[in-house]
Amino acid sequence: MTTQQVRKDSDKGYTWAEQMVVVLARELRSDDVVIVGGARHDIPFGAAMLAKMLYVPDMTLLTTGQFVNPPMLPLEYSGHTTVLFSKEADALFGGYEVFEISETGLSVFFYGGLQIDKYGNSNMHFIGDPKNPTVRGPGLVNISFSVTAGRTYLFPVWHNKRTFVDKVDFVSAVGHLQGGDSRKNAGIETGGPVLCVSPLGVFDFEEKTKHMRVKSIHEWVTREDIIENTGFEPRWPKKVAVTKPPTKDELELLHTRIDPHGIFKGLSGRL
Amino acid sequence: MPTEIAQPTRRSKLVSVEEAVKVIHDDMYIAIAGHLFSNKPSHLVRQIAKKRVKNLTVSTSPYASYDIDLLIGAGCIKKTICGNVGFEYMGLAPNYRNVCQKGLIEAALGDEATIIGAYMASVEGIPYHPITSIRGSDVLKMTTLAKEYIGPYGDKLIAVKALSPEICIIHAQESDEYGNIRFKGPIYFDIIMAKASKKIIVSVDELVSNQKVRSEPWRTSIPGFKVDMVVHLPYGAHPCLSTGLYDHDEEHIKDYINRGRQSLSGGNTSPYQEYLRKYVDEPVDIYDYIERAGGFKHMQTLRRLP
C-alpha cells in the first residue's frame, strides 16, 4: 500500500530526512544570515552546515543565544550542546542580539509545526480549542521570525492528514494567513513561507492565491501518496517534477562530517 | 617619610548557599537565568525547593528545563513566565506538563521578543517595551504578557509589560570574591535578566582571584557592583551543563524525567518523592550532592574539552 511504497526511501541509499536536508541546503545563499537552534534543530542545522561546507561558505550561521559561525562539528542529539564545548567561533551571539534580530529580522528561518495549513501557517501550540487543548505543542519557539525574516521555510517531519490541515487550530508562526493579500494587509512586509519541504515532497505557494502547490515529489513517492496524506487539496503544476535526490558529495558530507551519528537515519516522522 | 594610612579592604560577597537562599521567601517573584539546560543554577534551585518556599512567580529565558520543573515538583510555584519548558531530545518536562494540562498553575506564555522585551523594559526603566514582530499570530490573543496599542505617532505596536524580578539567580563559571562574573561560553540572556532584577545571586563553579579579574577586565560580563551574593558551588549546574566546563548529565536527566512520568501516570508518587529526598532534601552540601549523583569521578566524565 501507500505506506509500504513510501517506506522504500531507504532503498535509495538515503533517507527522507536527508532528502529534506539537501533541498533546504540548496536554498541558502551567500549573503544569507540564518539562525538555527531550539527544540527541533536537526534538519535546519544539518541544512545550514551542508550549505556552508559545500555551496556558500560566506553565509552567516547563528545559533540562538550562542555563537556567530560555530565550528562545523558533527550534529548531536542535542542541538543545544553541539557547539558549546568548542572554543571556536567568530563571536558570541547573546540574548540582546536575539531580541534585536527578532525585531529587525534576518534572511532565513525554519519552522516545523504540529499543524501546517494550505497557506503555510504553522501551529506549534495547541490542537483543538486553545483554552482546553487536546494536544499541547512544544511551546513557543521564536515566532517573531515568521514576521521579520526575509524568507521562511517550513519543514514538517510528518506528512499526514493530522499535520497537513486545511486550517490550523492556532496560528503560531504566520504564513500567508488567509492567502491572497492577507499577509500584506496585516501589515507584514516580508515574503513569508517560500517552500514547505516535507518527507514526501517540496511545495511552494501560488503567486496570487498563496495556496500551497506541489513543486516536486521525492523520487520514491507517488501522486497518490501526496493526495492520501494531505488534509487539503494542494494545487498541482502541469508537470510534476521529481525532487533532485542528494548528490554523491552531499551524501558523503552528511554521512562523514555532519551526521556521522546517523541522526537523519533514525529521525521519527514521515507518515 | 609618609606615614602608613590604614585603608579599609573591600567586602567579600562570598556566602554559603544557606545564606544565599535565606532571602528567598514565599510569594516572591524570582528569575532563573541560563537557557534550556545550560548554565542553570541547579543547586541554588534545589536549595529553594528544599525550603519548600511557596507561591513563587518564576520567569526564565524563553527556554527552561530542570529549574522550573523541579520547583513545580516541590510545590513551590504559583506562576511561570517562559516560552518552553522541556528537555529537548530527552523528553518533556513531566511536572510542568502536568500542571499546565490541569491548570494548576498560571503559565504565562511568551516567546523571545515578548520575554526579552519585557526584561528590556526593566533594564531601560520603562513600564513596557514596544515590539512589532509578533503581529498576526494568535499568540497575541492568548498571552497575558502583551497588548496591542497605537503609539503617539500612529504606529500599531505591541506593548510587553516590564518584568522586574525581585531576585535573579544565575550560574556562571567563574567569579572573584567581589562578584565580578565571568563566563566561559555563551552568556544567553543572563546579562539582560540580571540587569532587569533588583538583586542578583550567582553560583560559580570556580573562584578566581581579583588580581586575575583585574588583569583582563574585558572578560568580566557582570561587574561585581551589580551582584549581591556569590556562592562557590563546584558542579553547581549539575545535572544541567556549565558552558565550557562540563556537559549535561543525560542519564541523570532521563532518570529525573522517568521518575516524574511514573509518579504522575501511575498515581504512585514515590519515584519522584524519592528523587526529592535523595537529591534535594537529604544532601547536607554540594559535596554530599555530588557524591549522591555519582561522585567527582562521574562528574569528570561530563567534562568535554576540545
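**View 1. Leu36(B) in its loop.** Leu36(B) lies in the loop that links strand 1 (29-32) and helix 2 (42-50) of chain B; helices (H or I, at least four residues) and strands (E, at least two) are DSSP runs, numbered from the N terminus. Leu36(B) isn't a glycine, yet its phi is positive, at about 50°. This is a predicted model, where local features need pLDDT of at least 70, side-chain atom pairs count only at pLDDT 80 or more, and totals for chains, interfaces and linings use all residues. Residues are numbered from 1 along each chain as its sequence is written, chains are lettered from A and ligands numbered from 1 in the order in which they are written, and side-chain values use heavy atoms, leaving out hydrogens and water.

View 2. Going from His238(B) to Pro239(B), the peptide bond is cis, with omega near 10°. Pro239(B) sits in the loop between strand 13 (229-232) and helix 9 of chain B. Most peptide bonds are trans.

**View 3. Helix 9 and helix 10 of chain B.** Helix 9 (residues 250-266) and helix 10 (residues 270-281) of chain B pack with their axes 6 Å apart, at an angle of about 135°. Axes here are lines fitted to C-alpha atoms, for helices over the stretch in contact, and angles run from 0 to 180 degrees between N-to-C directions. The two helices of chain B are therefore oblique to each other; angles under 35 degrees count as roughly parallel, over 145 as roughly antiparallel, 65 to 115 as roughly perpendicular and the rest as oblique. Among the residues in contact (heavy atoms within 4.5 Å) are Tyr256(B) and Arg259(B) of helix 9, along with Tyr272(B) and Glu274(B) of helix 10.

**View 4. Where chain A meets chain B.** Chain A puts 46 residues into the contact, and chain B puts in 48 residues. Between chain A and chain B there are zero salt bridges (a side-chain nitrogen of Lys or Arg within 4 Å of a carboxyl oxygen of Asp or Glu). On the side of chain A that touches chain B, helix 4 (95-104) and helix 5 (145-148) of chain A each supply at least two residues. Helix 4 of chain A gives the most, with six residues.
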